Each structure stands twice: as C-alpha cells, then as structure tokens.
Amino acid sequence: MVAIKDLPLDEKILKGHAACPGCPITIALRIALKALGEKTMLVIPASCSAVVQALYPKTAFNVPTLNIAFEASAAAASGVSSALKALEKEDVLPVVWAGDGGSYDIGLQALSGALERGTDFIYVCYNNQMYSNTGIQRSGATPYGAWTTTTWKGKEEHQKELAEIVMAHHIPYVATATIAYPTDLYEKMKKAKEMKGPRYIEILAPCPPGWRFDMSKTVEMSRLAVETGAWVLYEMVDGKMEFTGYSKRLLAGKKRKPIKDWLKMQGRFRHLTEEDIEEIKKEIDAKWDYYMKIYGGNEGGK
Amino acid sequence: MIVIDTGNHIAALAAKMAKPHVIAAYPITPQTTIVERLAQYVENGEMDAEFIRVESEHSAMAACIGAASVGARTFTATSSHGLLLMHEMLHWAGLARLPIVMVNVNRALGPGWNIWSDLNDSLSQRDTGWIQFYASSVQEAYDNIIQAYKIAENEEVMLPAMICYDGFILSHTSMPAEIPEQHEVDEFLPEYKPAWKMDVEKPATHGNIVPPEYYIQIRYDMHLAMERAKKIIQEVGEEFGRKFGRKYGLIHEYRCDDADYVMVTMSSIAAEGRVAVDRLRERGEKVGLVNLRTFRPFPREMLKYDKMIVIDRDISPGLGGVVYNEIRGNGSEVYGFMAGLGGMDVSYKDIERMYELAKQGKEGLYPLEVK
C-alpha cells in the first residue's frame with residue numbers, strides 16, 4: 001500500500017476552482033489525477049464538476065476536458081475512445097467524471113451501452129446521493145429517509161446499487177472508494193489505469209450543503225460511512241470480489257459502528273423517527289448479511 | 001464509373017470514400033441500410049474506421065461529438081425520430097463547431113407511425129447550427145456527402161452538415177450515379193486537419209460555463225460562420241464541377257430565365273417539378289423551377305423572383321409551409337402549397353395542378369384545402 005507522503009506531487013487540479021468549501025469532488029479528482037497522470041482526457045456531464053472547473057475562459061483542470069450534456073458522458077467517451085484508437089493515440093485514457101444523477105439516472109442508458117460495447121475507458125461516478133448542482137434534489141442514489149428539496153418529508157424509497165448493475169455487465173474492473181481513504185482511492189485508480197476495457201469506480205462524496213453538515217467534517221463523514229457499513233469499500237477484478245481497507249475488517253468480523261452515529265451528524269436525517277432509523281439499520285444489516293453469505297464466511301459485523 | 005444502386009447504398013459508398021475515422025450509428029427505417037452497408041465495409045476491411053454500434057441516436061451524436069473533439073472525421077446517419085432524439089446533441093455539435101457529417105433520410109413523425117417521406121424531421125432542426133443539404137436525386141446525395149465534408153471542415157465554416165433526402169423515394173430506389181475513383185475523391189477531399197481538438201500536450205477545457213458576454217460572441221460567430229458558408233458552398237460546388245463535371249451552388253435554377261412564375265421546392269419534389277415545368281412549357285406556360293440545395297444557410301437573397309409558387313413537404317402547425325414562410329416576403333406574389341405529407345405521392349400532374357391553382361390565386365394544403 002502506497003503511503004500518502006509518496007503520492008506524486010504534480011497537481012492537475014489548479015488553484016482557484018469554484019467548489020464549495022469542504023467539497024469532496026475536487027479532493028477526489030485531485031487524488032485520481034495523481035494516479036491517472038497527464039495522458040488523461042476528462043469527459044464531464046452537467047454536474048457540480050462542470051461548475052467547479054471555473055468560468056470560461058479560465059479552467060482549474062489541467063488535463064484536456066470535454067464538457068457534454070447530462071445523459072451523454074459515457075457515449076461521448078465512447079467517441080473519444082474510438083477516435084484515440086483510430087488516430088493511434090491509445091496511450092491517452094478517456095475518463096468520465098460524473099455525479100450520481102448523471103450516472104444512476106439520466107446517464108444510465110449511455111453508461112450501460114458503453115460498458116456492454118467494451119469501451120476502453122474509466123467511468124467514475126462520484127456519488128453525493130443527490131442532485132447537488134441543481135440544489136439538492138432526490139436521485140436514484142438518495143438513501144431512504146433523506147430530506148431533499150423534492151422529498152421534503154424524507155425519501156420513501158431505498159437507493160439502488162449502481163455498482164451492482166455495472167457488475168452485471170461483467171466488465172474487467174469495478175471498485176468503490178471514498179476520500180477518507182485517499183491511498184485506497186489512489187491505488188484503485190492506478191490499478192484501473194493499467195487495465196483495458198471498461199472500468200468503473202464509484203466514490204462516495206459527502207456534500208456539506210446537501211447533507212447539511214459542517215464543511216470541516218467531509219473526511220469524517222466519509223470515514224464514518226465506511227465504519228458504520230453504510231458505504232462499502234471493495235474491488236471486483238474480472239469477477240473476483242475483494243473487500244478493501246476497513247470494509248475488509250468488517251467482513252472479517254469487526255463490529256460495525258451504530259448507523260445512528262452517521263445519521264445524527266447530517267441535517268438531512270434530522271427528522272428521522274426511531275422507526276425510520278430502524279428501517280435504515282435493517283437495510284444495512286440485510287446488505288451485510290448478503291455480503292457475508294456471498295463473500296464472507298462468518299457471522300461478524302452485526 | 002456508373003453505379004446503379006439505392007440512395008442508401010450510394011450514400012454509404014460516399015461515406016466510405018470520404019474516409020471517416022469514426023462512425024457511430026443506430027438503426028432506424030428508412031436509414032438502416034446505410035449503416036448495415038457501412039458495418040459490412042468495416043468488417044470486410046474495405047474501410048479503415050472505428051464503427052461504434054451505439055444504443056441510441058442520442059448516443060450516436062454524443063459519440064460523434066466525442067470523436068470529433070479529438071480530431072477525428074466522423075459520420076452518422078439517421079431518420080425521423082432518431083434525428084429528434086439527437087436534437088439536444090445537434091445543438092451541442094453546432095455550438096462546439098464540430099464538422100460532423102450526417103445523412104438524414106427524411107421520414108414523417110409519429111404518432112401514428114409513418115415511415116414515408118416528409119421533411120418535418122430535418123426542418124424542425126432548423127436552428128441547431130447545422131448546414132442542411134437536400135438532394136433531389138441519388139447522384140446529388142452522393143455529391144452532397146463528399147462536398148459536405150469539405151465545406152464543414154473549412155476553417156471559415158467549422159459547422160456540422162446534414163445531407164437530407166426522401167425516405168424510400170430516394171433511399172430505396174435504384175438510380176444510376178456516376179462514382180469517381182477513390183484517388184479523385186482523395187484529391188478533392190484531403191485528410192482532415194481540425195481547427196481545434198483535445199490534446200494532452202495542450203490541455204484545455206471545452207464547453208465549461210460561459211458568461212453572457214462570451215456566450216453572445218460564440219452564438220454570433222456561429223451565425224457568421226453560416227453566412228460565410230454560403231460563399232464556401234458555392235466555391236466548393238464550383239470546384240466539384242470542374243473536377244467531376246457536376247457544378248453545384250446554393251440553388252439550382254431550371255428554365256427560370258424568362259419565367260413569369262417560378263416554382264420553389266426541394267428534395268425529390270424538385271425532380272418531379274422539372275418534369276412538370278417541361279410539360280407546362282410545351283403548353284406555352286412561362287414557368288421555371290428553383291430547387292433549394294441548402295435550407296441552412298438559407299439563400300434568401302437569391303430568391304428574388306416576382307411571382308413564386310412554393311411547394312413544401314412539411315407543415316408548421318399554426319403558420320403553414322416552412323419554406324414558404326422563409327421567403328413569402330421576397331416577391332410581389334408568393335403562393336404556398338403544402339403537399340406530400342407523410343409520403344403522399346406528389347406527381348408532376350399534382351405540381352401542374354398546383355401551378356394552375358396558384359394562377360387562380362389559390363394556395364393551401366394540397367389536396368385537402370385546394371385541389
């Protein structure tokens with residue numbers, strides 16, 4: 001495992017970007033680009049990332065960046081990938097950098113198509129569990145009970161699991177990460193970079209204004225999501241699943257922290273009743289029971 | 001060499017001979033036989049291109065935008081609802097100033113399902129910043145595709161181009177077409193040198209948030225490029241004429257010199273209209289015909305005839321014929337007919353009848369309102 005002091009010093013995210021204080025997107029992209037390097041072309045749909053680049057004619061992203069319509073990033077990246085092949089520039093890697101709205105919802109068809117076609121690219125979904133850019137609306141990734149500006153009383157449905165939908169495409173690499181574990185994120189990006197074909201990485205991205213927590217707590221929020229089992233770190237290489245970091249310890253039997261600890265830090269869950277919290281706990285238990293059954297081997301974690 | 005084949009197969013041949021690096025396409029009737037043939041060319045090794053078999057037309061255009069942004073020459077083809085699904089990305093390609101070339105085989109829109117010719121699909125893409133060519137024969141379809149690349153890729157233009165022709169009437173009808181040798185096409189259409197492209201050596205951000213003071217300039221530049229395209233289309237059309245013997249401009253005039261009435265139309269109705277003009281001339285009528293080769297840029301200043309009869313294969317509900325309304329202010333008497341919607345046959349006899357009706361001061365939807 002690489003040490004944080006050994007990450008490349010070269011910065012592809014320049015000073016003066018327009019992200020909110022405490023935003024996990026630029027933290028994640030900074031680490032990702034340290035792994036991916038200068039021969040990267042970003043494709044970015046409508047999203048917070050389209051905004052934080054800074055206004056034309058300036059940019060804070062020091063790699064070629066193509067902005068594209070909300071639902072079209074995976075398709076545009078297909079075109080970039082094919083053109084790089086046709087023009088014999090296969091040392092350049094197209095990378096989609098999309099939010100959960102652009103991936104779980106409006107961009108799902110293009111993503112599925114690109115994966116099924118074996119497109120040579122990395123697709124990154126940074127998941128802040130809502131439409132943050134348009135002002136905190138519910139997405140397919142919003143968890144049960146969460147307040148948003150289109151679910152004022154809390155979302156009545158559970159989120160779907162895009163990474164599992166992606167796994168059904170049987171692509172070479174699927175991984176999850178979060179910014180509380182930067183070296184885990186870095187190593188997954190690095191591993192993905194060395195592979196060919198479609199590679200998917202989903203990063204949990206706690207959004208301070210959207211989740212209603214203090215901007216100084218982004219890293220804690222990311223870490224606690226993993227420690228409570230609400231977010232799971234793993235990678236699947238050619239169909240072989242392996243849990244990583246703290247999630248690996250949970251799978252091995254370490255006790256998960258109470259989900260309540262994570263929920264109570266977030267204003268979006270402030271209205272939850274004990275029954276709501278029990279509903280969320282049941283969902284997380286069920287998820288981990290499934291992991292234990294399929295990938296584990298003991299009863300640990302509960 | 002004379003080749004006798006369908007409009008779609010000839011269009012596929014033109015696309016092949018233009019040597020695009022990337023093709024991204026999705027099937028839709030009546031366009032499908034273009035992409036079938038192109039897939040075959042690529043699989044047989046007759047064509048050195050990446051073929052992306054996308055999951056929708058929206059993705060086809062998005063993929064072309066991605067590919068063109070890296071500096072590739074691109075091609076796609078669609079029809080009707082496929083073109084409508086692309087609409088958002090058509091604007092994107094136009095504003096990004098990417099010289100993507102696309103064939104649109106004109107087909108009516110649903111509901112109910114109708115697969116026959118009607119120009120409302122492409123005419124409703126009027127403001128997307130795409131150059132629009134309309135062909136009245138298979139030969140013109142071939143010639144327009146080859147020229148479209150040269151025009152779109154011209155640094156003074158840098159706009160995407162759409163080549164339109166009627167579903168089934170041209171797409172599935174075998175007609176003879178003169179096909180040049182590959183080396184002649186290569187001489188006419190050299191390798192694409194993009195005015196801008198994404199490059200890891202020169203990282204730049206394309207399409208990020210643009211404040212109004214820059215946006216207005218970008219939008220205006222697109223308009224100016226379309227105006228400049230008028231000159232480039234004529235220059236390229238003349239060069240094509242010198243090389244291949246078939247000269248092109250923005251419009252094609254047929255027996256207009258001493259005409260009292262000039263019929264204005266486009267697509268295959270123009271071919272039928274030329275037959276009607278010959279027959280009317282035999283009867284002593286002083287009538288000519290103008291075929292609009294381009295709808296965007298619109299050659300308004302060239303349509304300065306006193307009395308015009310415009311035949312639209314389209315309808316803008318609440319306004320009338322689209323082409324008619326573009327030029328109704330140009331002459332002292334301009335009559336508008338809408339005919340052939342949803343593939344209704346428009347024969348030279350119908351066109352002769354519309355001429356007679358116009359002379360009586362009548363106009364409207366033929367044959368429901370006037371006949």
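1. Contact between chains A and B. The contact takes 38 residues from chain A and 38 residues from chain B, two residues being in contact if their C-beta atoms, placed from the backbone, lie within 7 Å. On the side of chain A that touches chain B, strand S1 (40-44), helix H2 (48-52), strand S2 (65-67), helix H3 (73-86) and helix H5 (108-116) of chain A each supply at least two residues. The largest share of that side, eleven residues, comes from H3(A). The residues of the side divide into 24 nonpolar, ten polar and four charged. Here Ala, Val, Leu, Ile, Met, Phe, Trp, Tyr, Cys and Pro count as nonpolar, Asp, Glu, Lys and Arg as charged, and the others, Gly among them, as polar.

2. Basis and naming. This is a predicted model, in which local features need pLDDT of at least 70 and side-chain atom pairs count only at pLDDT 80 or more, while totals for chains, interfaces and linings use all residues. Residues are numbered from 1 along each chain as its sequence is written, and chains are lettered from A and ligands numbered from 1 in the order in which they are written. Helices (H or I, at least four residues) and strands (E, at least two) are DSSP runs, numbered from the N terminus.

3. S2(A) is joined by two bridges to strand S9 (residues 205-206) of chain B, and the two run parallel; strands pair if DSSP finds at least two bridges between them. A:Leu66 stands opposite B:His206 in S9(B).

4. Two helices of chain A. H3(A) and H5(A) pack at an angle of about 35°, with their axes 7 Å apart. Axes are lines fitted to C-alpha atoms, for helices over the stretch in contact, and angles run from 0 to 180 degrees between N-to-C directions. A:Ser73, A:Ala74, A:Ala75, A:Ala77 and A:Ser78 of H3(A) make the contact with A:Ala110, A:Leu111, A:Gly113 and A:Ala114 of H5(A). By class, this contact has six nonpolar, three polar and no charged residues.

5. Strand S6 of chain A. Seven of the seven residues of strand S6 (residues 198-204) of chain A are buried, so the strand is largely enclosed by the rest of the structure. A residue is buried if 20 or more other C-beta atoms lie within 10 Å of its own, exposed if 12 or fewer, and partly exposed in between, with C-beta atoms placed from the backbone. A:Pro198, A:Tyr200, A:Glu202 and A:Leu204 point one way from S6(A), and A:Arg199, A:Ile201 and A:Ile203 the other way. Strand S4 (residues 121-127) of chain A runs parallel to S6(A) and is joined to it by seven bridges, with A:Asn127 opposite A:Leu204. Strand S5 (residues 173-178) of chain A also pairs with S6(A) in the parallel sense, over six bridges, and A:Thr176 stands opposite A:Glu202.

6. Domains of chain B. Chain B is divided into domain 1 (2-244) and domain 2 (251-365), with bounds from an automatic or database domain assignment. Their centres, taken over C-alpha atoms, are separated by 27 Å. The contact takes 26 residues from domain 1 of chain B and 20 residues from domain 2 of chain B. On the domain 1 side, the largest share, five residues, comes from H9(B).

7. Sheet of chain B. Six strands form an open sheet in the order S10-S12-S11-S14-S15-S16 (chain B), with mixed pairing. S10 and strand S16 (364-365) of chain B are the edge strands, each pairing on one side only. S11(B) and S14(B) pair in the parallel sense over three bridges, and B:Met263 stands opposite B:Ile309 in S14(B). H10(B) packs on the sheet, touching S10, S11, S12 and S14 of chain B, and its direction makes about 170° with that of S12(B). H12(B) lies across S11, S12, S14 and strand S15 (333-338) of chain B, running at about 135° to S14(B).

8. Helix H10 of chain B. Helix H10 (residues 268-282) of chain B has 15 residues and reaches 22 Å from its first C-alpha to its last, close to the 21 Å expected at 1.5 Å a residue; the expected span is 1.5 Å times one less than the number of residues. Its buried residues include B:Glu272 and B:Arg274. Just after H10(B), B:Gly284 takes a positive phi of about 90°.

9. B:Thr6. This residue lies in strand S1 (residues 2-6) of chain B. B:Thr6 is buried, with 20 other C-beta atoms within 10 Å.
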